[in-house]
Amino acid sequence: MTKNPLLNALAAWGYIALVVMVPYYGSDLVGDGESILIPIGMLSLFVLSAAVMGTIFFYHPAQMYLDGQKQEALSLFLKTLLTFALVTALVFAAALLLAWL
């Protein structure tokens, strides 16, 4: 990941958008059949998502912290988190706007 909080937040949003497309469009691709593979796949996707988000949010701040740049690490983490919160708020605002139209 980068030391740019905006790029980190947008990477997280992009990953979430990609992950949401799997169950949203998945039934169109494979049908609505029930299988033990569906809950296994969903749990695997959850674990993968936790690892990806952990990398996006914590990789550079953790490196910086271990290198002795504690204030900079905390600042990068908080800026990334706040930027992601803003992106999330914009997504909800867009959803509400589309619902009202």
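1. What radius of gyration does the chain have, and what would a compact globule of 101 residues have? In this predicted model the chain has a radius of gyration of 17 Å, whereas a value near 13 Å would go with a compact globule of 101 residues. Taken along the principal axes, the box that the C-alpha atoms fill is roughly 55 × 40 × 15 Å.

2. On secondary structure, the chain holds 3 helices and 0 strands, and the order of its elements, read from the N terminus, is α-α-α. Of the contacts in the chain with a separation of 6 or more, 72% are between residues 24 or more positions apart.

3. As for the surface, the chain exposes about 7,500 Å², and 75% of that area is supplied by carbon and sulfur atoms. Buried residues amount to 22% of the 101 residues in the chain.

4. T83 counts as buried because its relative accessible area is 19%, and the cut-off for buried is under 20%.

5. Which residues is T83 in contact with, once its neighbours within four places in sequence are left aside? They are P5, L6 and A9.

Conventions. Residues numbered from 1 in each chain as written. Predicted model: local features only at pLDDT ≥ 70, side-chain atom pairs only at ≥ 80, totals over all residues. Heavy atoms only, no water. Helix = DSSP H or I, 4+ residues; strand = E, 2+ residues; numbered from the N terminus. Rg over C-alpha atoms; globule rule 2.2 N^0.38 Å. Buried < 20%, exposed > 50% of the residue type's maximum accessible area, 1.4 Å probe, protein only. Contact = heavy atoms within 4.5 Å. Areas by Shrake-Rupley, 256 points an atom, 1.4 Å probe, with all protein chains shown as cover.
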